[in-house]
Amino acid sequence: MVANRRMARSMNVEIYSRRLETFRVTETIGRRPGLPPRSYRVDLRNRQCDCRRFQTLHYPCAHVVAACAKVNLNVEQFVDDVYTLNRTLRVWENEFPVLPDLSTWEVPPTTFELVPDRGLRQNLRGRSQSTRIRNEMDIREKSEGTRCGLCRLAGHNRSKCPQ
């Protein structure tokens, strides 16, 4: 909330309708360098802002704070009950049972034996196999065989070149 109040000081607020509680909030300092400052529509009655933080987080964004400051409204009324200390304490008011000592736990006996699948084990010898799934992009056209590095003719290699 402190950061939102600090950012709200550098915003221009135009009142569109005091009765409907709608405003146009323009950032005087752009957040991103090189881009012009943006303007946002704030609707306090429906709890909406064009930046979408207000309706997503159910917490007033800097644009809402600026609009409330313009018409002397208390911003705290737009904070959802989820963020209150009373609601947070209600989560922890449930009692948790005390766990008995680990040695007294009853462990049911296993009725079956787990047997590992040897085919799924990793082969430790040789070059590791690729797990990549291949598709039609990986299929190459057949070449005419090896070509000689000297004369570029097929059928022999550099060591057996007749030239």
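The model is predicted, so to speak of local features takes pLDDT of at least 70 and side-chain atom pairs count only at pLDDT 80 or more, while totals for chains, interfaces and linings use all residues. Residues are numbered from 1 along each chain as its sequence is written, and side-chain values use heavy atoms, with hydrogens and water left out.

Start with the open sheet: 4 strands in the order β1-β2-β3-β4, with antiparallel pairing. Because β1 (11-17) and β4 (48-49) sit at the edges with a single partner strand each, one side of each has no neighbour in the sheet. Strands here are DSSP runs of E, at least two residues, and helices are runs of H or I, at least four, numbered from the N terminus; two strands pair if DSSP finds at least two bridges between them. β1 and β2 (residues 22-27) pair over 6 bridges, and Val13 stands opposite Val25 in β2.

Now look at Glu27, which is in strand β2. Is Glu27 buried or exposed? It counts as buried, at 5% relative accessibility (buried means under 20% relative accessible area, exposed over 50%, partly exposed in between, with a 1.4 Å probe and protein chains only). Leaving aside residues up to four places away in sequence, Glu27 touches Ser10, Met11, Pro37, Arg38, Tyr40 and His63, a contact being heavy atoms within 4.5 Å.

Finally, the UniProt record (an unreviewed entry) places "domain: SWIM-type" at residues 40-72; such annotations may be inferred rather than shown by experiment. That stretch is 42% helix and 18% strand, with its end C-alpha atoms 19 Å apart.
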